[in-house]
Amino acid sequence: MTLSLFDWLVIGAFFLVVLIIGLIASKSAGKSSLEYFLGGKSMPWWLLGVSMVATTFSADTPNLVTGFVREGGIAKNWAWWSFLITGMVTVFIYARLWRRSGVLTDLEFYELRYGGKAASFLRGFRALYLGVFFNCLIMGSVTLAAIKISSILFGIEPIYTVLIASVVVAAYSALGGIKGVIWTDFFQFGIALLGAIYAAYVAVSQPQVGGLKGLLAHESLEGKLDIIPDLNNTSLMVSMFIIPLAVQWWSVWYPGAEPGGGGYIAQRMLAAKNEKHAVGATLFFNFAHYALRPWPWILVALASIILFPDLDSIQRAFPNISEQYLGDDIAYPVMLTLLSPGWLGLVVASLIAAYMSTISTHLNWGSSYVVNDFYKRFIKPEASEKELVKMGRISTVLLMGIAGALALTILENASQAFNILLLSGAGTGAIFLFRWFWWRINAVTEIVGMIVATTNALVLVLAVPDSMLAHSIFDPFTMRLLIATAITTLVWIITALITKPESEEKLNAFVSHVKPGIGWKRFENRGSSNLTSSILSVFVGTIGVYAALFAIGSLIYGNFFTAASMIALFGISVYLIIKWWKD
């Protein structure tokens, strides 16, 4: 596909703005590691909230959603919609605690909550395990999406896509630190959202689709339009809806939806001006992430089923696609080839924006782990602030290189990476929820939980074939998830009960510093917390965001009474939350 002069001007203007933001931010980013990784803890809620949304608005997300819709219909998105519960728990219970902790990274929490060599080991190991392995797997998945998009739209070889993307993103991420990332996120989010909406409009407007009315009535989409799985299909209802809502949200550690907050979400909360801004940022993020953004991608995915009903039809239309990258998730970039000159530049810029916002955040987040929780903590504690910033920039470049190598050699589709990440953290989620409130949890508990979860994932993926997991209700992945969650949860609870808790001195210091308020009756200065109000806020907030999600869907489907009811329910939820949190 050939870009017009106007397309190139749009893309060029986009890169110019991003570079300017990075250069401006670099002036303050180089002052200290606090500035480089947390922006001096002075960021407002609206800017942080948009940055969170932009980060999860990655180049692989529309591919992932498209793959889900083509494989299992709209209802399959409950695999990630269920994480809204996690998000709301973070908003109303954990955001204040994280901001109150005062740590530079969420891994620093380990030596605030636990003591001794076990806590030090846990912090250092997780710095490399999450900051390098997990983080690069995520970035590799996002880079894989960039490879597929560029190969479909422009016929660019994967190696050149990786080289171009790596140089551009690593450069401005290394320069500007977290402030550069957050301000470019703000700019990039608007472009990415506009591009996604226009791509949906073009997809639905195709003659074969017949507009929105033709799309919804097309026979190819039978069974794909249900937002909630068919109640008469027990297997689908259980695997796609009940298990994600009943088990997955609390049991799985997944980047961006960590139980109790963590990763780059925690980094954004720690960068907030105060507790109120931390809560506001995460609340806005959850609304925009789960309710506002999915529908444009879903519409493109539905239209792609009509135009390209199977992988063979995609292969015939694009014979140069490598077998390694041929999957249902590639249907999204395939649909973008329908765009007309002029608008194509905007949509390409939006995809570049989505890619860069995600990668830049993960680079800064992963670098903060490598520098603060490994290099400074174990290699060179006396390192100056200037040296720490320098190491942050070096590690940024190295992480980008590893991610590019994964995208070129190992990963094949967005669903594959998503499933690997889910299974690798299955069962550990509850630890991150309860460690703030249950005094018996210690560093050994987390170490054992991490080892068992990783072992479960390797055994269940590499050594247990799907045929051994055949079940009348659960699909093989759901069986793996349930087995891994059950084993890991049981083992870490037993470990917590039979091992010695942290010292009274350490626990008292933690309670006095964070003031969690719940579960620490035997400790002084534990603070106070209205648990009833928090739980009610979680429930009402979750219902409100799901109502907004259903309202948009109902408007698209033409069910105006249902849409009005959902909008009213959303409004009531907003009113109650504001009222409770003002009192």
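Author: A salt bridge is a side-chain nitrogen of Lys or Arg within 4 Å of a carboxyl oxygen of Asp or Glu. This is a predicted model, where local features need pLDDT of at least 70, side-chain atom pairs count only at pLDDT 80 or more, and totals for chains, interfaces and linings use all residues. Residues are numbered from 1 along each chain as its sequence is written, and side-chain values use heavy atoms, with hydrogens and water left out.

Reader: What makes E387 and K380 a salt bridge?

Author: Their closest N and O atoms are 3.1 Å apart. The cut-off is 4 Å, so the pair qualifies.

Reader: Why is K380 called partly exposed?

Author: Buried means under 20% relative accessible area, exposed over 50%, and partly exposed in between (1.4 Å probe, protein chains only). K380 has 28%, so the middle class applies.

Reader: How many salt bridges does the structure hold?

Author: There are 7. One of them joins D373 and R123, with the closest N and O atoms 2.7 Å apart. D373 sits in helix α17 (residues 343–379) and R123 in helix α8 (residues 116–154), 250 residues apart. Helices here are DSSP runs (H or I, at least four residues), as are strands (E, at least two), numbered from the N terminus.

Reader: Are D373 and R123 buried or exposed, and how do you know?

Author: D373 has 0% relative accessibility, so it counts as buried. R123 has 7%, so it also counts as buried.

Reader: What makes E446 and R435 a link between parts of the chain?

Author: Their closest N and O atoms are 3.0 Å apart, and they form a salt bridge. E446 lies in helix α21 and R435 in the loop between α20 (429–434) and α21, so the pair ties together parts 11 residues apart in sequence. Both E446 and R435 are buried. Elsewhere, salt bridges that share partners join E111, R123, D373 and R377 into one network.

Reader: Why is T445 called buried?

Author: Its relative accessible area is 0%, under the 20% limit, so T445 is buried. T445 lies in helix α21 (residues 443–462). Leaving aside neighbours within four places in sequence, T445 is in contact (heavy atoms within 4.5 Å) with I431, R440, W492, T495, A496 and T499.

Reader: What makes T445 and N442 a polar contact?

Author: A polar contact is a pair of N or O atoms within 3.5 Å; within protein, one must be able to donate a hydrogen and the other to accept it, and residues adjacent in sequence count only if both atoms are side-chain atoms. The side chains of T445 and N442 make such a contact at 2.7 Å.

Reader: Why is A457 called buried?

Author: A457 has a relative accessible area of 7%, so it falls under the 20% limit. A457 is also found in helix α21. A457 touches L423 and S424, not counting residues up to four places away in sequence.

Reader: Which residues of the largest nonpolar core touch the most other members?

Author: W81, Y94, L215, Y355 and W436 do, in a core of 181 residues. The largest share, 16 residues, comes from helix α9 (residues 158–204). A nonpolar core is a set of buried Ala, Val, Leu, Ile, Met, Phe, Trp, Tyr and Cys residues joined through side-chain atoms within 4.5 Å.

Reader: How much of the protein chain is buried, and how many helices and strands has it?

Author: Buried residues make up 60% of the 583 residues. The chain has 25 helices and 0 strands.
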